[in-house]
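Here is a short report on one protein model. Look at the sequence and the fold first, then read on.

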Amino acid sequence: MIRTDIVKYNTDSEKSMQKWEYKILKFSISQELPPENYLNQLGEQGWKISASGGMARNPGGHGWIILMREKI
């Protein structure tokens with residue numbers, strides 16, 4: 001199952017961060033990559049990939065994609 005989390009930051013640069021929102025997609029690398037049409041829909045909503053990674057070496061490894069977009 002693909003999980004989505006909205007992330008809020010409390011940092012010194014919070015004022016500049018307030019114009020951005022972030023979303024993290026977590027998924028199982030061996031079983032379920034995010035479907036291309038789902039990622040395309042997020043792109044149409046203004047989401048852009050800012051980082052990605054994961055642990056593909058483990059049989060049950062998980063990956064993640066951090067998305068960001070300017071707040072509407």
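A salt bridge here is a side-chain nitrogen of Lys or Arg within 4 Å of a carboxyl oxygen of Asp or Glu. By this rule the protein has one salt bridge. Glu21 pairs with Arg69, and their closest N and O atoms are 2.8 Å apart. The pair joins distant parts of the chain, with Glu21 in strand E2 and Arg69 in strand E4, 48 residues apart. Arg69 is buried, at 16% relative accessible area. Buried means under 20% relative accessible area, exposed over 50%, and partly exposed in between (1.4 Å probe, protein chains only).

The model is predicted: local features need pLDDT of at least 70, side-chain atom pairs count only at pLDDT 80 or more, and totals for chains, interfaces and linings use all residues. Residues are numbered from 1 along each chain as its sequence is written, and side-chain values use heavy atoms, with hydrogens and water left out.

**Overall layout**

The protein has two helices and four strands. Along the sequence they follow the pattern β-α-β-α-β-β. Helices (H or I, at least four residues) and strands (E, at least two) are DSSP runs, numbered from the N terminus. Of the 72 residues, 19% count as buried. Contact means heavy atoms within 4.5 Å. Among contacts with a separation of 6 or more, 54% are between residues 24 or more positions apart.

**Strand pairing**

Two strands pair if DSSP finds at least two bridges between them.

| Strands | Sense | Bridges | A bridge partner in E4 |
|---|---|---|---|
| E2 (20-28) and E4 (62-70) | antiparallel | nine | Gly63, for Phe27 |
| E3 (48-54) and E4 | antiparallel | six | Trp64, for Gly53 |

**Faces and core**

In a regular strand the side chains alternate between the two faces of the sheet. E4 has a covered face of Gly63, Ile65, Leu67 and Arg69. Its uncovered face holds His62, Trp64, Ile66, Met68 and Glu70.

Which residues make up the largest nonpolar core? There are six: Leu25, Phe27, Leu42, Trp47, Ile65 and Leu67. Strands E2 and E4 each give two or more residues to this core. A nonpolar core is a set of buried Ala, Val, Leu, Ile, Met, Phe, Trp, Tyr and Cys residues joined through side-chain atoms within 4.5 Å.

**Ser28**

Ser28 lies in strand E2. Is Ser28 buried or exposed? Ser28 counts as buried, because its relative accessibility is 10%. Beyond its neighbours within four places in sequence, Ser28 contacts Leu33, Gly61 and His62.
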